[in-house]
Amino acid sequence: MPSSTEIPAVTFADEIREYLEHLAHERRLSPRTLDITARDLQSFVAYGAQASVPSVQAITAHHVRGWVASLRQRARAAGSIQRCLSSL
């Protein structure tokens with residue numbers, strides 16, 4: 001049983017949901033933009049799972065560079081890669 005002083009683990013899904021809610025309510029982004037952002041973030045999460053990134057807090061520049069390299073290997077256009085980075 002966790003002690004009352006332990007901080008609960010935050011999952012990527014929790015962080016993404018909160019971020020998308022922020023974008024929808026505070027920044028008032030369109031549903032289309034939110035869908036694209038969610039897709040880009042899920043792409044990063046999938047890469048993070050392959051790279052064994054344990055949590056949002058553990059993400060480093062090395063992980064982001066690796067993700068960009070994987071996007072290039074999949075022949076993503078430069079503009080799409082920039083959009084993906086903006087989603088982070």
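Me: How much of the chain counts as buried, and what makes a residue "buried"?

Reply: Of the 88 residues, 28% count as buried. To get that label, a residue needs under 20% relative accessible area; over 50% is exposed, and in between is partly exposed (1.4 Å probe, protein chains only). Bear in mind that the model is predicted: local features need pLDDT of at least 70, side-chain atom pairs count only at pLDDT 80 or more, and totals for chains, interfaces and linings use all residues. Residues are numbered from 1 along each chain as its sequence is written, and side-chain values use heavy atoms, with hydrogens and water left out.

Me: What makes the largest nonpolar core a "core", and which residues are in it?

Reply: The word means a set of buried Ala, Val, Leu, Ile, Met, Phe, Trp, Tyr and Cys residues, joined through side-chain atoms within 4.5 Å. Eight residues make up the largest one: Phe 12, Ile 16, Leu 20, Leu 23, Leu 34, Leu 41, Val 45 and Val 53. A second, separate core has seven residues, including Phe 44, Val 68, Leu 71 and Cys 84.

Me: How do you know which side of helix 4 is buried?

Reply: Look at its buried residues: in helix 4 (residues 78-87) they are Ile 81, Cys 84 and Ser 87. They span an arc of only 115 degrees around the axis, so they sit on the same side of helix 4. That arc is taken from the directions from the helix axis to the C-beta atoms. The face turned away carries the exposed Ala 78, Gly 79 and Ser 86.

Me: What does Leu 41 touch, and what counts as a contact?

Reply: Contact means heavy atoms within 4.5 Å. Leaving out residues up to four places away in sequence, Leu 41 touches Ile 16, Tyr 19, Ser 87 and Leu 88. For the chain, residues 24 or more positions apart account for 47% of the contacts with a separation of 6 or more.

How values were computed:
Helices (H or I, at least four residues) and strands (E, at least two) are DSSP runs, numbered from the N terminus.
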